[in-house]
Amino acid sequence: MSEQHIKEFSYHIAWRSRSRRPGRHKSNQRGMGMEFRGHTTLLSYPDPRRIDIRQTIRDPLEQIHVRIFNQKSITPVFVLCDMSGSMQYGSNQRKIEVAADIAQSVAQSATHNRDLVGFIGFDDVVREDWLCTLSARPHSTVEMAENLRSYTTTEVGSRGIIETVRLLPRERSLIFMVSDFHMPISDLEASLVLMQRHHIVPVVLWDSSEYSDLPEFGITNVTDPETGATRTLFLRKAYRDRILQSFNDRRATIKNLFSRYDMEPFFVENHFDADLLSDYFHQYVAA
Amino acid sequence: MGFVHPLVLWLLPLALLPILLERSNTKTYSWVAMLPADPLSNLIGLLLKILAAISLICIILGLAGPHSLEQKVERIGIGAQIGMVIDRSASMDDPFSGGTAEGRVGETKSVAAARLMTDFVNKRKNDMIGVVTFSNSAMYVLPLTESREAILAAIKATAGNSLFQTNIGGGLTSAVGLFEHVPDSGSRAVILISDGAGRVSAEVQQKLLDWLQRYNLSLYWVVLRQPGGVSIFDPKFEEHYEGILPSEVELYYYFKLLRSPFHAYEAEDPKSLAAAMADINQKEKKPIKYMEKIPGHDFTQLCYFIAALMIALLLSVKYLELRTWNTKI
């Protein structure tokens, strides 16, 4: 996929970036922005272009005042990508391909906002070979995501999610956690506790053929891609309903967990639509 | 329980394959733990494996050819142990003199003998009968048995094409051999049906003399005469007959010398034949105790049938198998 086909989404952050680097997000750095922050004297902020004449005249002490503005800064953006066995699953598109779409879209959008973007892949461990350090250019991440499309794996889980935190910067970052979250809730919670410093957008990749789009009736054998466990399924109405119920419960569990850490999960079913992610930011992230 | 090819049983561990190996056509599901437990599904999964294992076991058992071993059952009946010695020489294909009187013109002696024996066997339900035929040499047909079916079939088989010579000595010695390993019931007889032609060497004569006595056998000789043939009872051959005695007559005089009971009958017309049979019937009636062999039952078909049934079940499950589930891996 060439870069012009990558669909971008618009996003913003709800906190003030502390980065000095000029960008598009609110920042607490003084600089050449539009956001008025206060006054100070010319002596302490020797920028004659910003002299506030009205304030200077009003000052009985006859000091010269200067307006201070906050600049707009960048924020680091990360894609945490689950590369476990379950991400190989999919009906039209494998989940790992959807994840690649998302990673590319994020990289492109972040670069558009002059943000730095990085990519961290993990399965049972953090994959050092699937790592992109923060960069102002999207290419390495886009290319890595492109490689992700043909990625296949053996039986691995996703316990590495806990370790990813050590690769994240100390400053608050925007993190897209792309996974199907088919992992024990305790693992997930352990990682969320460690990542509370960051703004996390959980992107939940589910496939409709996993639960709602099951065949009507029949017998089949299923294998778990992570553990290799095999089960025989006799699908029928009652059992399909129970599977659906189980997934609905799971959805509620995931939502509750993220809500407790003040995050709203973004559910992606079958394929990624960047517009929906834009809507998500408008809806859930205070501007 | 026995097997025709026991070595095939070494293949039996193959039946574990469906249990040990996973089915190759499984679908990958993202997280099996998300699927709620379903006892029915588990049961079906287990049953499928067991079905596959059973069908393999049955096929392998079928290949090994299982059968139950033959059993010996002691039976008691009233009757005799009779060895039938039937002439199959070429002369038996000549016409039978008694046939004309009964309205069966041109009946050959061999067919007549078979007919007479069949009637006789049908009359005596509890006899153990063995069959030996002879022409150039003796042919062992049937050991002493109670099976009517086998006896009748054996008699029927004697009425076929004939060979050339008449070796009565060989036939009789073989018939005596029938009684060798059978417990004596007290009523034992050898019925010789021949057209009489044939000479017996002195050595065999002596042997027969001994054996018939040792095995306590009485001998009944039914002579099938052809029209115009010599009669063994012809008084002209008695004493002082000058010239060479016909072979039938010579044999008759030899049999008369036996130390065991001997009777000769000329089956010339139905009446005399009926009389002969009635005579034998009456003389040989004592309770006999004998072991009957019940052949083993062959279970091969059953094995294959079960295997086919299991495979049919598996196929029907295959028909139920999901083909519509569109998953990538």
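Tutor: A crossing of two helices is called left-handed if the near helix is turned anticlockwise from the far one by less than a right angle, and right-handed if it is turned clockwise. With that term in hand, we may turn to the helix pair H2(B) and H10(B), whose crossing is left-handed. Please bear in mind that the model is predicted.

Two packed helices are described by the angle between their axes and the distance between the axes. Helix H2 of chain B covers residues 39-64 and helix H10 of chain B covers residues 300-320; their axes come within 8 Å and cross at roughly 150°. Angles over 145 degrees count as roughly antiparallel. H2(B) and H10(B) are therefore roughly antiparallel to each other.

Which residues make this contact? On the side of H2(B), they are Leu48(B), Leu51(B), Ala52(B), Ile54(B), Ser55(B), Cys58(B), Ile59(B), Leu61(B) and Gly62(B). They meet Thr300(B), Cys303(B), Tyr304(B), Ile306(B), Ala307(B), Met310(B), Ile311(B), Leu313(B), Leu314(B) and Val317(B) of H10(B). Sorted by class, the contact of H2(B) with H10(B) holds 16 nonpolar and 3 polar residues, and no charged ones.

Helix H6 (residues 168-178) and helix H7 (residues 202-214) of chain B have axes that come within 10 Å and cross at roughly 25°. That angle makes H6(B) roughly parallel to H7(B), since angles under 35 degrees count as roughly parallel. The crossing of H6(B) with H7(B) is left-handed. From H6(B), the residues in contact are Gly169(B), Leu172(B), Thr173(B) and Val176(B), and from H7(B) they are Val204(B), Lys207(B), Leu208(B), Trp211(B) and Leu212(B). This contact of H6(B) with H7(B) divides into 6 nonpolar, 2 polar and 1 charged residues.

Both pairs belong to chain B, whose secondary structure comes to 10 helices and 11 strands. Chain B has 329 residues, of which 35% count as buried. Among its contacts between residues at least 6 apart in sequence, 83% join residues at least 24 apart.

Beyond its neighbours within four places in sequence, Val85(B) is in contact with several residues, among them Val132(B), Phe134(B), Gly171(B), Leu172(B) and Ile191(B).

Of the 287 residues of chain A, 40% count as buried. Its helix H2 (residues 95-112) and helix H3 (residues 139-148) have axes that come within 8 Å and cross at roughly 170°. That angle makes H2(A) roughly antiparallel to H3(A). In H2(A), the contact residues are Ile96(A), Ala99(A), Ala100(A), Ala103(A), Gln104(A) and Ala107(A); in H3(A), they are Thr141(A), Val142(A), Ala145(A), Glu146(A) and Leu148(A). By class, the contact of H2(A) with H3(A) has 8 nonpolar, 2 polar and 1 charged residues.

How many residues of each chain meet the other? The contact joins 32 residues of chain A to 29 residues of chain B. On chain A, strand E8 (218-223), strand E9 (230-235) and helix H5 (237-260) each supply at least two residues of the side that touches chain B. That side of chain A has 12 nonpolar, 13 polar and 7 charged residues.

Finally, two loop residues of chain A deserve a brief look. Glu62(A) lies in the loop between helix H1 (53-58) and strand E2 (65-73) of chain A, and its phi is near 50°, a positive value in a residue other than glycine. Because 7 C-beta neighbours lie inside 10 Å, Glu62(A) counts as exposed. Asn270(A) is placed in the loop between strand E10 (266-269) and helix H6 (274-284) of chain A; although not a glycine, Asn270(A) has a positive phi of about 70°. With 18 C-beta neighbours inside 10 Å, Asn270(A) counts as partly exposed.

How values were computed
Residues numbered from 1 in each chain as written. Chains lettered and ligands numbered in written order. Predicted model: local features only at pLDDT ≥ 70, side-chain atom pairs only at ≥ 80, totals over all residues. Axes fitted to C-alpha atoms, helices over the stretch in contact; angles between N-to-C directions. Helix = DSSP H or I, 4+ residues; strand = E, 2+ residues; numbered from the N terminus. Parallel < 35°, antiparallel > 145°, perpendicular 65-115°, else oblique. Contact = placed C-beta atoms within 7 Å. Nonpolar A, V, L, I, M, F, W, Y, C, P; charged D, E, K, R; others polar. Buried ≥ 20, exposed ≤ 12 C-beta atoms within 10 Å, placed from the backbone.
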